[in-house]
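Open the model in a viewer and keep the sequence beside it. The tour moves from one selection to the next.

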Amino acid sequence: LSAIEIGHAGTLHRFERDGTGAWFYHGVHAGAQANHAHQTDAAQAQAIDKAFAALGRTRMERQLKLDLQSGAYGLTSPQMIILVYGKGNPQPLAQYAVGDVAPDGLSRYVLPVGSNFVVTIANYQIDNLLGLIDKLTTPAPPQPGPGKKP
C-alpha cells in the first residue's frame, strides 16, 4: 500500500509512505488546506504503521445482504469513508463505507463499495483510526521554555 485516505466529519485525512516506506500524515485536506504537511516523523510513522497493521488484520464477523432502500446500517450517509491505494495507481484498490455501530455495541457495519453485502467488523478498529486521526491533528500542549516552570 502506498496511501490511505480517511474521510470523516467533512475532512479528508491522507496517509502516505515516503521513499523509504515509512508512513507519514499528509495532512488535512479541507478548506484552505490547513495543517498541510509532508514530512515523516519517526514516532508518528510508528503509530500510523501500527494502526494500519491492526486494520489489515481485521476479521469480518458477519455478512448481511445490502438493502439501501431500508436505510439500515447507517450506510446511506456513511460516517466514514476509507480509500486504499497501491503504489503507482491513482485509483483506489478498495473503498469502504463505514456505517453505524451495531446494536451489540461491539461491531460496526462496513460496506466494501461495489459489494452487495455489508459486513460487520470489531468497532474498536474504527475507534483506533479515529484515535490516530485525533492524535495527529490535536496540537501538542506548549512546552515550558528555559527557566519556566511546567
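A polar contact is a pair of N or O atoms within 3.5 Å; within protein, one must be able to donate a hydrogen and the other to accept it, and residues adjacent in sequence count only if both atoms are side-chain atoms. Select Asp41 and Ala43: at the start of α1, a side-chain oxygen of Asp41 comes within 3.1 Å of the backbone nitrogen of Ala43.

This is a predicted model, in which local features need pLDDT of at least 70, side-chain atom pairs count only at pLDDT 80 or more, and totals for chains, interfaces and linings use all residues. Residues are numbered from 1 along each chain as its sequence is written, and side-chain values use heavy atoms, without hydrogens and water.

Next, select helix α1, residues 42-56. Helices (H or I, at least four residues) and strands (E, at least two) are DSSP runs, numbered from the N terminus. Buried residues (under 20% relative accessible area, 1.4 Å probe, protein chains only) in α1 include Ala45, Ile48 and Phe52.

Show side chains where the helices are in contact (heavy atoms within 4.5 Å): among them are Ala47, Ala51 and Leu55 in α1, and Leu129 and Leu132 in α2.

Last, select Pro112 in strand β7, residues 107-112. Leaving aside neighbours within four places in sequence, Pro112 is in contact with Gln95, Tyr96, Phe117 and Val119.

Technical notes: The expected span of a helix is 1.5 Å times one less than its number of residues. Buried means under 20% relative accessible area, exposed over 50%, partly exposed in between (1.4 Å probe, protein chains only).
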